[in-house]
Amino acid sequence: MSRELSLGQAVNEALQIAMETDPDVILMGEDVAGGGDRTGDDVDEMGGVLGTTRGLVKAFPDRVLDTPISEMGILGAAVGAAITGMRPVVELMFMDFIGTCLDPLLNQAAKFRYMFGGKVRVPLTVRTVTGAGMQAAAQHSQSLYWLTAGIPGLKTVIPSNPIDAKGLLLAAIRDDNPVVFCEAKMVLGSIAEVPAGDYEIPIGEAALVREGGDVSLIGMGATVPMCRSAAEQLARDGIQADVLDLRSIQPLDEEAILATLEKTGSVVVVDEATPRSSVASDIAALCVDRGFDFLNTPVKRISAPHCPVPFSRPLEQAYIPSIDRIVETVRGLA
Amino acid sequence: MELDRELLIGAYRKMRTIRAFEEKLGELVTTGKLGGFMHLYVGEEAVAVGVCSHLDDGDAVASTHRGHGHCIAKGVDVAGMMAELFGRATGLCKGKGGSMHIADVEKGMLGANGIVGAGIPLATGAALSAKLKRTGGVSVAFFGDGASNQGAFHESLNMAAIWKLPAVYVVENNGFGEFTPTEFVVPVKDIAVRAASFGMKSLIADGMDFFDVYAKAGEAIAFARSGEGPVLLECKTYRFAGHFVGDPLVYRSKQEAEEWIQTRDPLPLFEARVTEAGLVEADELREIDREVALKLAAAAQAADEAPFPDLAELTTDVYFEEPRS
Amino acid sequence: MAATVIAMPRLGMTMEEGTVVEWPLPIGAPVSKGQTVLVIETEKTEAEIEATASGVFRHIYVEPGETVACGTLCGAISDTADEAFDADAFAAAHAPPESAHPKVPTFETGAGASAKAAAPLSDDDRSGKRPVAPAARALARELELDVDAIPGSGPGGRVTKQDVAAHAAARERLVSVAPGIALEVLRAGDGDPVLLMPGFGADASAFAPQSAELSVDYSLIAVNPRGVGLSDAPDQQRYEIPQAAHDAAALLDRPSHVIGASLGAAVALELALQHADKIRSLTLITPFVRASPRLLAVIEAWCRIAERDDPKTLAAFLAPWLFGDGLLADEVARRRTLQGLAAMSARTPAAGLRRWAAGIAVWSGTREDSLATIRIPTLCIVAGRDLLTPDSTRIAAAIPDSRTQEIADAGHGVTIEAADAVTAAIRAHLNRS
């Protein structure tokens, strides 16, 4: 049985199922319950800045913990709890805030297993919101998954739709490694028929969501629906596109990327993040390194420009990769 | 004094082990036998042992870059530690962690840590676990005066206070934060007063006096374990060695150091107290000294003869990969 | 000084070099065209090479036992015995081609192979080398093709995988018709053989409207003559019409229907005169036996524009000469036709046009009296608005077993302008024969 859920609601459902099936799962973060004392008649829970965790504190009163605004302390405590028997799901409200708590992820969670000779597991999940599109401006709109993806010991995933969001989050929570789960702003509200019940999507597997032989559009998170729309437009001109939804940035499904390259010889990567040291660049290098003889056109990377996210609406819209840019780029390959 | 003989002998053995271990290490690094950064706990033994005497495997400890003393005090295998410092496959961490990352999570030792202050939130998290799981355990964070200036310190103590976590925060005020004397960077004489900003209980102990540490730590740990809330315990101590092995120590007065070393060494002070009280003979302590020396020499030898890790180990243990049952 | 080259031929597509085995004639011996003048050996076979002209066997450049690249000058035949023959000067004037394969295509020299016009080199091309996609290189390597010889249709003239694949497919259409000469032949359909020969500046695609229908019942053989499409473009002063007929005859293994348009019709006439036994029926579309002054002038302008200007300009110039008001007034048809003309011009480089122009000039007027000797059922399709070949109508009158079909409202390019009518006329004629 499926019902129409938004990505945010699908996340909520995954958290619910995770907490029902494992008493060690706890949620920690700023306002995850939302609002301190919730016992008054005229107060109710927020369930997070975007409402994603609504309802959970009522269902699991001792396991949804509102924290002070202390990212370093919160993330560090979550790591400490993770290595002493808990399975914490900690919320980093906006990925931009990673600047205040990078150490617990970078130097502690990511490295414990390795530094301690394989003798410890860190079953930590960090849920965080990424990306532009809400005019949240420069310090609340970044896509920094390339940063965590580049840290050995961490996994980084980013669903593009509600169905994958639920399955990936359950997989992330149950994974005994630290996993960063990115909720892209522009797809948080997207709706899909989400199956009820407990299911997982494997981490490290991309999904080929559309098949065509002329060009490969590779996207992640919010850029996947853009790629699909671009593919539809191109189809009217007789250009058929493969659309590959990465779903997982680290581990990266290199085989899926190379398979679509082999099929079409033309790869366009659409990445919401900025261009330097980006996932798009990583993929382009992979194509040239391991798929050289399949390349029929240059690998194109569509990304944000190398600048902070602007506030003004038309500027922000120009910042974000667009369907038109994708279509134009593909046309320019011929 | 009310402490029993067995406990005292055990405490001495631990302190002597720490002293001998650190001195051996200093020797091995200075002669070029071992590489990497080593930070020695010499002079601070009474703090680690005084606190950890109240803990068992169900209690957690988070440590610092100067973590060998806490490891030994918490009961971590000395031979395994030695092999780890030699970077051998038989090391506690398979040679992949080194001095600043020695851990034995099963014994509740959450690791030495290369990042100043990083252990504080970790210990806070462990205390959260203990509380949620109702294990009755406490979590002790060891950290220095320098770390008490880290944001992580304030954030962690704040959270522990509001959630009434069973945590004891032991600040080892050894007079220096790396190469800077404490008074240059901490505006208050007693770091313990910082607890007040969190409404938290605090205690101050003479870190060179095992008995004072033991008494104050006992009080703090009991308080935390009872669920009354966290405690900040400041132990005033002195770092006999430099910040790291090879530190030229130009930034501190040799005279000042000599005075501490000659008059405030915790081991002779302990010996004087217990022999004067007639609880332990000096000979017994000498015997322990010999045993410890032999044990460490054997550990060093075994470590030196142990194989280095296989090159294939370079990329293992990055992720946990076994299938979940 | 007129002398004829004897060169190491390229037999088939993969031959790169050959070994001289024997010179059967002594120096000074008379040679007839078609006589074996050289025996060579390739890795696949031994072959007897025929003289392409009559004269006197005059000089040997490559001795027996030596292996040389295809196209290398091996010997020479002079027209007469007593004329002076400067072996070195002749060798210098006939240096072998730089490579065994056509050069990088530009508007003046090479042949276009792929469906799209090859683009000129762009400013992006910093090193002076053409861009080649890695996938194209890999495929070329796999198919043992020289990627430098393949024109690129990608941005900046990049050679793509599709270009390599198209080139490989096209090269499979090359058929050897004479020593060292392979022509591009397009085949379609099943049934009795029908040979199609296009006009000046055209290639086999001129018959596209007819081929779809006719291929249902006939085995169509459309041939691009020397210098057109992928066919070899030997460095001759002119491409002779009689020689073109021999080239075409080499493709026919049994009596075939022969259809030629304009210049192709001239070749068809030569075929009828020289290889009558190979022809079942003859269809001449807007033919000429004497090129009118206007035809010669248009051809001259055609060559000049092809040498100096772009395909679109050439197409714009040609349209009013080739088509009637009907097509020219129809916006859609005119635009489509212009595109087709421009594309076709990429496959008919200027060098070849010049050589055919010279061949037409030499042939013009030499066969008027021979028409009466043709004993093959003949159809002449003439166009009412044809500006270029006014004597088309008189040709049928001179050929005994012939009839004329006039298509009133069409110009010289009648196979395109009145495609259905032409197809119907051809079909009727083929059925009769």
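Me: Which way does α7(C) cross α11(C), left-handed or right-handed?

Reply: Note that this is a predicted model. In it, α7(C) passes α11(C) in a left-handed crossing.

Me: How do I describe such a helix pair more fully?

Reply: Packed helices are described by the angle between their axes and the distance between those axes. Here the helices are α7, residues 293-308 of chain C, and α11, residues 350-363 of chain C. Their axes come within 9 Å and cross at roughly 160 degrees. Angles over 145 degrees count as roughly antiparallel, so α7(C) is roughly antiparallel to α11(C).

Me: Which residues make the contact of α7(C) with α11(C)?

Reply: From α7(C) come C:L296, C:I299, C:W302, C:C303, C:A306 and C:E307. From α11(C) come C:A350, C:L353, C:R354, C:A357, C:I360 and C:A361. By class, this contact has 10 nonpolar and two charged residues, with no polar ones.

Me: Now strands. How do I read their pairing?

Reply: Strands of a sheet pair through backbone hydrogen bonds, either parallel or antiparallel. Stay in chain C for a case. Strand β9 (residues 174-178) of chain C pairs with strand β10 (residues 181-188) of chain C in the antiparallel sense, over four bridges. C:L174 stands opposite C:E184 in β10(C).

Me: How many residues lie between β9(C) and β10(C) in the hairpin?

Reply: Two residues lie between them. Look at C:G180 in that turn: its phi is positive, about 80 degrees.

Me: What is the strand order in the open sheet of chain A?

Reply: The order is β9-β11-β10-β13-β14, five strands with mixed pairing. At the edges stand β9 (207-210) and β14 (300-302) of chain A. Each has a single partner strand, so one side of each is left without a neighbour in the sheet. Neighbouring strands of this sheet are turned by 25 degrees against each other on average, direction ignored.

Me: In which sense do β10 and β13 of chain A pair, parallel or antiparallel?

Reply: Parallel, over four bridges. The strands span residues 215-219 for β10(A) and residues 267-270 for β13(A). Within this pair, A:L217 stands opposite A:V268 in β13(A).

Me: Which helix lies across β9, β10, β11 and β13 of chain A?

Reply: Helix α9 (residues 254-264) of chain A. α9(A) runs at about 175 degrees to β11(A), residues 241-245.

Me: And between chains: how many residues of chain A are in contact with chain C?

Reply: An interface's size is often given as the accessible area lost when the parts come together. Here, take the residue count. Seven residues of chain A are in contact with seven residues of chain C. The chain A side has three nonpolar, three polar and one charged residues.

Note on methods. Residues numbered from 1 in each chain as written. Chains lettered and ligands numbered in written order. Predicted model: local features only at pLDDT ≥ 70, side-chain atom pairs only at ≥ 80, totals over all residues. Contact = placed C-beta atoms within 7 Å. Nonpolar A, V, L, I, M, F, W, Y, C, P; charged D, E, K, R; others polar. Pairing = 2+ DSSP bridges. Axes fitted to C-alpha atoms, helices over the stretch in contact; angles between N-to-C directions. Parallel < 35°, antiparallel > 145°, perpendicular 65-115°, else oblique. Left-handed = near helix turned anticlockwise from the far one by under 90°.
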